[in-house]
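Please read the following report alongside the sequence and the model. It takes up surface, core and charged pairs in turn.

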Amino acid sequence: MSDAPHTYESAAGRIEEIIRRLDSGEAGLRETLDLVREGRGLVDFCASELEAVGHDLEQLRLDELVARLEDGAGGGEAAGQ
Amino acid sequence: MPEPRDSARPGGIAGSELPGPFPVGAYAALLRDQLRRRARVQLFGEVWNLRPARTKVFFELRDGAGAVPCSMWRNEWEALDGTERLADGARAVVAGGPDYYPGSRTSSPSFSFLVRDLRAAGEGDLLAQLERLRRTLDEEGLFKPQKLLSRRLLPRSIGVVTGESGKARDDVLAGLRRRGWAGRLVWAFAPVQDRHAAPAISRALSDLAGWGQVDVIVVARGGGSLADLFAFCDESLCRTVALLAVPVIASVGHHTDRTLIDDVAAASCSTPTHAAETAVPLHCDQARTALLGTGRRLEVHGRRAVVERARALARLSRAPAEHVARQRRARHQQARELRAASRRRLAHERDLTAVHLRVLGRKAQVVALARERAGQRTALGARELDRASRAALALTRRDLERLSLALDAHDPDRTLARGYALVSDHAGELVTSADAARSAGRVGIRFADGQVPARVEDEGS
């Protein structure tokens, strides 16, 4: 089994490889079960990625973020002093 | 200015020493007349924001120090040579003078330099500067870095730099909705048209990239003249974009416009909607559906791998008995086929024999007929032979009788009967002459009724 993927595209690519291997019918029983297990994990990962962008659009404003960060930094410096 | 006669004229501003108040229409007409009296001149500059209307063609004549709004009657514009080549940034010489449309209660007033003649004078300085900067950035390799950045198929967070009140904002949202994407969107609002635009956009881009939480940035602005879009050709802005570590997707103006940020960005799109779709290459709804299908396929593969092998084992365990049964069925089948073949062969032989019998019967009939004909021919031949033999016998008999008669005619006995005699010597040989008789001495004389010996005596002696 390969290392855990970090991106949707790497996971999707690995899933395609797994499906191709399984469709070829050349994998033995042990390899098939391992591939299916790995594939399930990747599908879960992709589903979680899609889930993260599948509910309500979160809209932020950069100027507010900057102001918040600056306030936080200022507060931290003040606390440090 | 003539004294107004409007009875409804309001009073002036208290304390003001200025004359009036006058009706604005009269003042506007006076202003128009004054402007029209100014000297006619020639101006040169760059044509920008060219807008053909129904009766007039409007544009601005600009240079680095200022600008004048211009208009030209459409029929005069169309009578000129080479106006089809005039585009934003083209250099032109115009001849005419200031004019003023005073407007009315229902139409707006406007000032313009009424152009009565025009000559195109080559590419403008601004466009030439733009091309030089484009070449410089290209030669420095600044068109490439953004294009080498990897863009995520499914970004979680997208930054958008655009005008706060522009339509581009709604278009970006529409594009993201079409992708089925609802992640985190960070708006970085900035002016997109004036001299403050380029620094503000650069700052927004740097802040978004520096925050480290956005996967891709969209820079969007709706259509406008190239002059309006000039902020996106700013050298500092373009250098900032080129060196950002986050991919930037530009959508500035319409598809016919090409600003420098389009060249340095990772991707350039014709509309903000398209830019949003490019920022999220994956169609999320389709991907969810496909993922469900993939999950089902994996389950099927896993289940099939076990179930098929279990079935194979079961098949193997049943194999010997099935083999015997299969062999038995095969032998039974062969026996049935053999019997059927024998029956078919017998029937065939029977049919063949019947045919032979019919042939033989016909041949026997032919032979019998031939035999009958042969018998008839034989009988006929026998009769003919009999007739012939009888005829031959009769003929022979007649010949015999004739010969007999002829023989009888030559028979010596008949001669003897007529009185002749035969003389023979003692040896029985006929003596046919007198000398032979004398020589023989003793002879025998045969008569018809018998033979008598005799002795020859010579009377002479």
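Is R390(B) buried, partly exposed or exposed? R390(B) is partly exposed, because its relative accessible area is 47%, where buried means under 20%, exposed over 50% and partly exposed in between, with a 1.4 Å probe and protein chains only.

## Basis of the model

This is a predicted model, in which local features need pLDDT of at least 70 and side-chain atom pairs count only at pLDDT 80 or more, while totals for chains, interfaces and linings use all residues. Residues are numbered from 1 along each chain as its sequence is written, chains are lettered from A and ligands numbered from 1 in the order in which they are written, and side-chain values use heavy atoms, without hydrogens or water.

## Chain B overall

Chain B contains 13 helices and 13 strands, taken as DSSP runs numbered from the N terminus (helices H or I, at least four residues; strands E, at least two). Of its 461 residues, 32% are buried.

## Nonpolar cores

A nonpolar core is a set of buried Ala, Val, Leu, Ile, Met, Phe, Trp, Tyr and Cys residues joined through side-chain atoms within 4.5 Å. The largest one has 41 residues, and those touching the most other members are V161(B), I201(B), L205(B), I217(B), F232(B) and I261(B). The largest share of this core, eight residues, is supplied by α6(B).

When neighbours within four places in sequence are left aside, the contacts (heavy atoms within 4.5 Å) of I201(B) include V161(B), F232(B) and L237(B).

## Charged pairs

Over all chains, the whole structure holds 32 salt bridges, each being a side-chain nitrogen of Lys or Arg within 4 Å of a carboxyl oxygen of Asp or Glu. In one of them E49(A) pairs with R152(B), with the closest N and O atoms 3.5 Å apart; since E49(A) is in helix α2 (residues 29–52) of chain A and R152(B) in the loop between α4 (145–148) and β6 (157–162) of chain B, the pair joins two chains. E49(A) is buried, at 6% relative accessible area, whereas R152(B), at 24%, is partly exposed.

R152(B) also forms a salt bridge with D215(B), where the closest N and O atoms are 3.7 Å apart. D215(B) lies in the loop between α6 and β8 of chain B, so this pair ties together parts that are 63 residues apart in sequence. A network of salt bridges links E49(A), R152(B), R156(B) and D215(B).

R390(B) meets D386(B) in a salt bridge of 2.1 Å, N to O, and both residues lie in helix α11 (residues 319–410) of chain B, four residues apart, about one turn of the helix.
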